[in-house]
Amino acid sequence: MIKEFFYVCLWSFLALSAGNSVDFYVSPDGNDYHPGTQDAPYATLQKAQDAVRAAKRSNQESLTVYLRGGKYCLKEPLVFTAEDSGWEMLPVEFTAYTGEIPIISGGTTLNLHWEIHRDGIMKAAVDYDLEIDQLFVNANCYRMARFPNFDPVAKFFGGTSGDAIAPERVQRWSDPIGGYLHALHEAMWGSKHYRIVGVEATGAFTLQGGWQENRGGDFDPFFRGGFHKDYLFVENIFEELDAPGEWFYDQKKKVLYANPLPDDDLNHAAIIAAGLKELVIFTGSQKEPVKHIQIKGLHFQHTKRVFMEPYERLLRGDWSIARLGAVRLENAEDCKIADCVFADLGGNGVFISRYNRRISVEGNRFTRLGESAVCLVGDSNAVRSPAVEYSHTLPQDEIDLLPGPRSREYPAFCMVHNNLMHQLGRVGKQTAGVFISMAEEITVSHNTIYDVPRAAICINDGCWGGHVIEYNDAFDTVRESGDHGPFNSWGRDRYWKTSYNGGRDIEPFAKERCLLDNYKTTHIRNNRFAHAGGHSWGIDLDDGSSNYRVYDNLCLGMGVKLREGFFRRVENNIIIDGFGGFHIWFPDCDDVISHNIFVSEKPYQFIRANPHCAKEFDFNLFYNDHGDITITGVDSDMNFEQWQAKGLDRHSLFADPMFVDAENGDYRVSPDSPALKLGFKNFAMNQFGVMKPAFSEELNHKPRSYKSVKTEPAIHSSRDSTPMQWLGATVKNLIGESEKSAAGIGREIGVLVMNVPSGSKAAEAGFQAGDVILRMGEERVDSIADLARLSQNRRGKSDAILVFNAVERIRMLQWDD
């Protein structure tokens, strides 16, 4: 110890007395008893951290730790505190040595003796205590023994089957306790994950989990919270070890089994077992935050999956989350994560938690992650009148009427810039490239995000706005979920009542109070969003989202959705083969749709929304090859002339926009375009996404036309769409994404009430347009056939009919004698 201390003091004295920066070096081949020089480096990051702390006490100079190439397997996370802080002009840096790749690994290298078990399966005894969650063999991620076997072209989870938990299959498992069940949310709004904790002789088992979503519970009769019965798989079951690239660890016997890939010789392979959940943690306090530390050029790999960790429900948005990341910052200021690679991680990449200011995440690659790339999540203690879960409506006479946050426990003024994000959400499906909740003035710019199961960018709530979402390029999104878009937000804030979903009980002060939380305008501008095949809401400003400006965006194969909320301006966007989806608008909502270009046959689609609620529809340009447009959902479908006769889009035109070179992605309009005469302004087409040269070069071969992005076959409904008359009302089977989304029901079930004339028997019983009939008495109503059958022979009887219209309601129906 005396020798070690002498080296640190000597090195610090020589460097500081010479007036130079203080540089330390670390190498996997180093030794912590070395002086930390380039020729005699340390072995561990913790030792370098101690040396930096000692040097800081000597003088205020530039301090840099250079990591030589190789793997650094951590036994515990590297933790930065206020003691490690640098200075504004002299930040402390932990950086890769030029031209080398240092890998910060949360795994343990396994040196095992493998022998043949049977049927191509190898086994090896593990001589030390170890929990194995992910296994990497020669840099390939092997998969826990699973059913169905992994299929790289399968749409969901790499392969799913409703038979995965069939009793006859479960009965042949000798000991499934400790196995996992993974499934899509019943409404395909994300995923749910469970551990098997008990099993009966009948094949029934007991599950623990399902908390990874904040929308409904497993016994929700409206199918908005349980797991999907078809899109699921099981893993960590020994009897399912039957395919190359699979493994199973018998922790009781400490025996590891693997079915190797054809080219892998396990006795000579590099094998790593993921062990840690986090690798680097910045943790200070608001009074003494961690400041001015930069991490540059490092590779972060091999963390455990986090799906069974405790999840926190985030206000009334759809997300729950585990506050964990390969790099996590809490109570930090002016720190930067730059030019790093986050790969083969079981959880999130970077998690910016609670109080943080001016954190920069810049120039990184995020790939093959179990969860999200970058999360910025504040604390509910900072929220005035917080509420949790969709159906929890706050009494409006009890809410705090002061705008903005009530404390500083949230991220603000942070930047996520110039990152490449792809192959995310390999485990969790309610995930994103960038996720924001309870934060203020976050800039998300010049990121390229693709191959993700849900949104590229998601804002969970209106707390507290001021964000700038600009120059991003997002495509190949919403791959394993539904009722969503490449951008998604919710605004179920303190002003918002669950009944607003049904367009009911709208308080006269709702418009004023919508700005209590989202009190700063969020700007979505200069992005390119593309979606190929199937359905997408595009820029999806969902439930209550308010105070947004959406402008200068190129939307390919999708458009913009506005659901109940206020103060949304959609201007100067180019929407190709997409539409404006307008759902359940509030009176006098002050929405503006102007100066846009729509190349679409059906540019506007209304669902229970009155277009006259908007402040303006005008100065838009419409075009398609058919010579006219169709507006749907307003009384009856109408053409452009009929639409203008209602006093809407009075100055708008139907004409060719005259794009410069649409085939090659240049959607600027030529100088003679009629769009310019309407006030449209061209915006740049060459600044979307990452600007980092290495990333740009790599992406040159990626498809830029949304029509050439990999498409998935659309899922067509088999339900009859023919309406029928029932008690004087028009009803039909609930069908399709639009009707499901408007109703707030996640699957095609029940009977949708389309129209209820006043004076009809249905109106007398209280039925309203938008009701979804689900039960009559104790009988389920899945379809109009069920409704017709159950309505027979009811003369003189009384029935309680269960409907859903934003909330559960009972309609009491007294049948005529």
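Author: Let's begin with a term: a nonpolar core is a set of buried Ala, Val, Leu, Ile, Met, Phe, Trp, Tyr and Cys residues joined through side-chain atoms within 4.5 Å. Buried means under 20% relative accessible area, exposed means over 50%, and partly exposed is in between, with a 1.4 Å probe and protein chains only. This is a predicted model, in which local features need pLDDT of at least 70 and side-chain atom pairs count only at pLDDT 80 or more, while totals for chains, interfaces and linings use all residues. Residues are numbered from 1 along each chain as its sequence is written, and side-chain values use heavy atoms, leaving out hydrogens and water.

Reader: Thanks! Which residues touch the most other members of the largest nonpolar core?
Author: Phe282, Phe342 and Trp585 do, in a core of 103 residues. Its largest share, five residues, comes from helix H2 (residues 45-58). Helices here are DSSP runs of H or I with at least four residues, strands are runs of E with at least two, and both are numbered from the N terminus. Apart from this core lies another, of 28 residues, among them Trp114 and Leu266.

Reader: What is Phe342 in contact with, leaving aside its neighbours within four places in sequence?
Author: Contact means heavy atoms within 4.5 Å. The partners of Phe342 include Phe300, Val327, Ile337, Arg365 and Leu369.

Reader: Why is the pair of Tyr450 and Phe475 called stacked?
Author: Rings of Phe, Tyr and Trp (its six-membered ring) pair if their centres lie within 6.5 Å; planes under 30 degrees apart count as stacked, over 60 as edge-to-face and the rest as tilted. By this rule there are 45 aromatic pairs. For Tyr450 and Phe475 the centres are 5.0 Å apart and the planes lie at 5°, so the pair is stacked. Tyr450 is in strand S38 (residues 448-450) and Phe475 in strand S41 (residues 473-475), so the pair ties together parts 25 residues apart in sequence.

Reader: How do you know whether Tyr450 is buried or exposed?
Author: Its relative accessibility is 6%, so Tyr450 counts as buried. Phe475 has a relative accessible area of 5% and is therefore buried as well.

Reader: What makes the pair of Tyr623 and Phe654 tilted?
Author: Their ring centres are 5.8 Å apart and their planes lie at 45°, so the pair is tilted. This pair links distant parts of the chain, with Tyr623 in strand S56 (residues 621-623) and Phe654 in strand S57 (residues 653-654), 31 residues apart. Tyr623 has a relative accessible area of 25%, so it is partly exposed. Phe654, at 26%, counts as partly exposed too.

Reader: What makes you say that the charged end of Arg169 sits over the ring of Phe147?
Author: A charge sits over a ring if NZ of Lys or CZ of Arg is within 6 Å of the ring centre and within 35 degrees of the ring normal. The charged end of Arg169 is 3.4 Å from the centre of the Phe147 ring. Arg146 likewise sits over the ring of Phe233, 4.0 Å from its centre.

Reader: How do you know that S13 and strand S14 pair?
Author: Two strands pair if DSSP finds at least two bridges between them. S13 and S14 (residues 191-199) have five bridges, in the antiparallel sense. Leu181 has Tyr194 in S14 as its bridge partner. S13 also pairs with strand S16 (residues 227-235), antiparallel over five bridges, and His185 stands opposite Phe227 there.
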